[in-house]
There are 4 protein chains.
Amino acid sequence: MFCAIATGAVRASRTAIVTGFTGFTMTPRKFEPRHESYESRVHGSFARQRAMNTIGARIVRVEPGEVELELPFREDLTQQHGFLHAGIVTALVDSACGYAALSLMDRESAVLSVEYKVNLLAPAVGERMRAIGRVIKPGRTLLVCTGEVIAVAGGAESVVTVMQATMMAVRGRPELVD
Amino acid sequence: MFCAIATGAVRASRTAIVTGFTGFTMTPRKFEPRHESYESRVHGSFARQRAMNTIGARIVRVEPGEVELELPFREDLTQQHGFLHAGIVTALVDSACGYAALSLMDRESAVLSVEYKVNLLAPAVGERMRAIGRVIKPGRTLLVCTGEVIAVAGGAESVVTVMQATMMAVRGRPELVD
Amino acid sequence: MFCAIATGAVRASRTAIVTGFTGFTMTPRKFEPRHESYESRVHGSFARQRAMNTIGARIVRVEPGEVELELPFREDLTQQHGFLHAGIVTALVDSACGYAALSLMDRESAVLSVEYKVNLLAPAVGERMRAIGRVIKPGRTLLVCTGEVIAVAGGAESVVTVMQATMMAVRGRPELVD
Amino acid sequence: MFCAIATGAVRASRTAIVTGFTGFTMTPRKFEPRHESYESRVHGSFARQRAMNTIGARIVRVEPGEVELELPFREDLTQQHGFLHAGIVTALVDSACGYAALSLMDRESAVLSVEYKVNLLAPAVGERMRAIGRVIKPGRTLLVCTGEVIAVAGGAESVVTVMQATMMAVRGRPELVD
């Protein structure tokens, strides 16, 4: 078995393909969006994610194929030891990855999460969490992303969670647009 | 590479080992808890998970190695299409799996999520979500769990999310007990 | 984010939807194949998987949505401690899941693995390994599967590996058919 | 739930913690091995992985926390479309990640794979595959790794598979050393 994700969905201006965690082999990939309104589209959709508003997340940055969100620490989102609940952290980085994917889609596609896997590296404590989602494979139907959550505490940053995710461009379902 | 999770942590009264999804090969496994207060311990720890209270989740059932939680649908927890946000659903089933694991641990251990992977099978819509976590491998240090989220809508039930998770029994860190 | 996998690809005769690991809540799902030659198609494709022949795997059983493979233990497939290498076990259960998915596809689709996650529960030792793949969500484009590998040793069986996988029905690429 | 992997196992000389895929936020992390023989230990253990010999893999590079393996393309390791079987590619990158983890362990620990997840980005075709495993979180008991497989075809390189994995340092089991 092996997956050949159909490419061609995104014109890439990269000089080298994206590679592994910490980019130790090749240079990062740059993507070109498929339409000019990619940024406003992400902002508009994010504003409708009521869960993001409920937990207090906001968009920090939208680039083609990469989105950063931020979540101030809140005690009412913790687990039993006082860390942010893993599911809350997952929600944040899922949205970051999903919008990284949406930023590369055509206007007719809506984004849905197919699946993801997270490793929880360290407790999510600090003043705030930065979540960065990034597309590493932009297929026409499936887009593979990686995400990370960085805890900011007293001026220091550390990665507390990493995600590997599959997002889907859903077409022909008008009720799902954006 | 291959993992031999150290067993022996839990005396199991099963007559056959647990098996795959939908149990198509063997009969489910029954576990015996390591102390009598396993149930109250889970309830006490859950009560301190402020994120669960914030989203409105509650415990339905605690058995040795299996925990069920419930979450009424709430519009302020949705994503952009009006479904419950995947991260909220993940938080629910992560807690179900984590407490399924805690129910089998000794008193000296605290539970932490190491990693998990979810597949999102269908939109999480309906009156409420049932999340069931179950231990399938109770090691002394690592406990492997599976979880599912079932949407209840108009009397019908359907599985909307499945999880495969690794939980850790953390010892020697008094600040983390329960 | 949330994935609504387009269903309708498969007519299901089930009386209740499939559920979680060990099926503790509902009864297993039965699928109807989309064409009569589903079984011979799986056998034909499997025969072309040269890696399966190289490691010595064979098909035990093909049902709509469920496939079982078998691999006799071989010392030349072990890791450093004498267990079957995790990657070999993964190859076996990946093929089982992929062919479980293919058994439900129409004639125009080829199957490719999108992604999978395995937990290695115990060393893969014994006379032989049974790998069972099963579809739990048959979408038109994506099919979600679970898999398990059972070690058979001295008449006893134990689950050594579990998989959660996403398979894709690829259309319009004649070079990939079957 | 949240995992606080016990650190302190490895003295790190990094000036900034490792971060996400393609390292877009921080600089890569450098590790110091815990003993001088880390490299020969990896080579010795790899030589006992008979599965690696059977498929024709070899070690290209061993650094503290990072290992690269290589696999020439072989038709007897393919799936039904002529690509390298996903399980074979997984075996390769699992070994790369496992030995990246072993390179940071003390002499008393053996390495076992706990779990991993792969995304298959593109068909594994070409003259050879490079698999790079890298530790991103070196805990005392659990080490989290990322891996990638790069296909080399006609002088061009492309990432065909990415992995996120959890490895375990197993102590007190003399039969598993190395």
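Predicted model: local features only at pLDDT ≥ 70, side-chain atom pairs only at ≥ 80, totals over all residues.
Let's start with chain A by itself. The secondary structure there is three helices and six strands. If you walk along from the N terminus, the order goes α-α-β-β-α-β-β-β-β. Chain A has 178 residues, and 66% of them count as buried. On the contacts inside the chain: take the ones between residues at least 6 apart in sequence, and 63% of those join residues at least 24 apart.

Now, the bit I really wanted to show you, chain A against chain B. How many residues does each chain put into the contact? It's 37 from chain A and 37 from chain B. Together they bury about 3,100 Å², with carbon and sulfur atoms giving 55% of that area.

What about the polar side of things? Across this interface there are 24 residue pairs in polar contact, counting pairs with both residues at pLDDT 80 or more. Looking at the chain B side, the elements that give two or more residues to it are α1 (38-48), α2 (50-55), α3 (86-102) and β3 (110-120). And which of these gives the largest share? That's β3(B), with 11 residues. By class, the chain B side has 16 nonpolar residues, 13 polar ones and eight charged ones.

Salt bridges next: the count between the two chains is four. One of them you can find on screen is A:Glu75 with B:Arg50, where the closest N and O atoms are 3.8 Å apart.

Back to β3 for a moment. In chain A, strand β3 covers residues 110-120, and it pairs with β3(B). Parallel or antiparallel? Antiparallel, over five bridges.

Last stop, chain C. Have a look at C:Ser113, which is in strand β3 of that chain, residues 110-120 again. Is this serine buried or exposed? With a relative accessible area of 0%, C:Ser113 falls under the 20% cut-off, so it counts as buried. Its side chain does have a polar partner, though: C:Asp94, through a side-chain to side-chain polar contact of 2.7 Å.

That's what I've got, so let's open it up for discussion.

Notes. Residues numbered from 1 in each chain as written. Chains lettered and ligands numbered in written order. Heavy atoms only, no water. Contact = heavy atoms within 4.5 Å. Buried area = accessible area lost by both parts, 1.4 Å probe. Salt bridge = Lys/Arg side-chain N within 4 Å of Asp/Glu carboxyl O. Polar contact = N/O pair within 3.5 Å; in protein donor to acceptor, adjacent residues only side chain to side chain. Helix = DSSP H or I, 4+ residues; strand = E, 2+ residues; numbered from the N terminus. Nonpolar A, V, L, I, M, F, W, Y, C, P; charged D, E, K, R; others polar. Pairing = 2+ DSSP bridges. Buried < 20%, exposed > 50% of the residue type's maximum accessible area, 1.4 Å probe, protein only.
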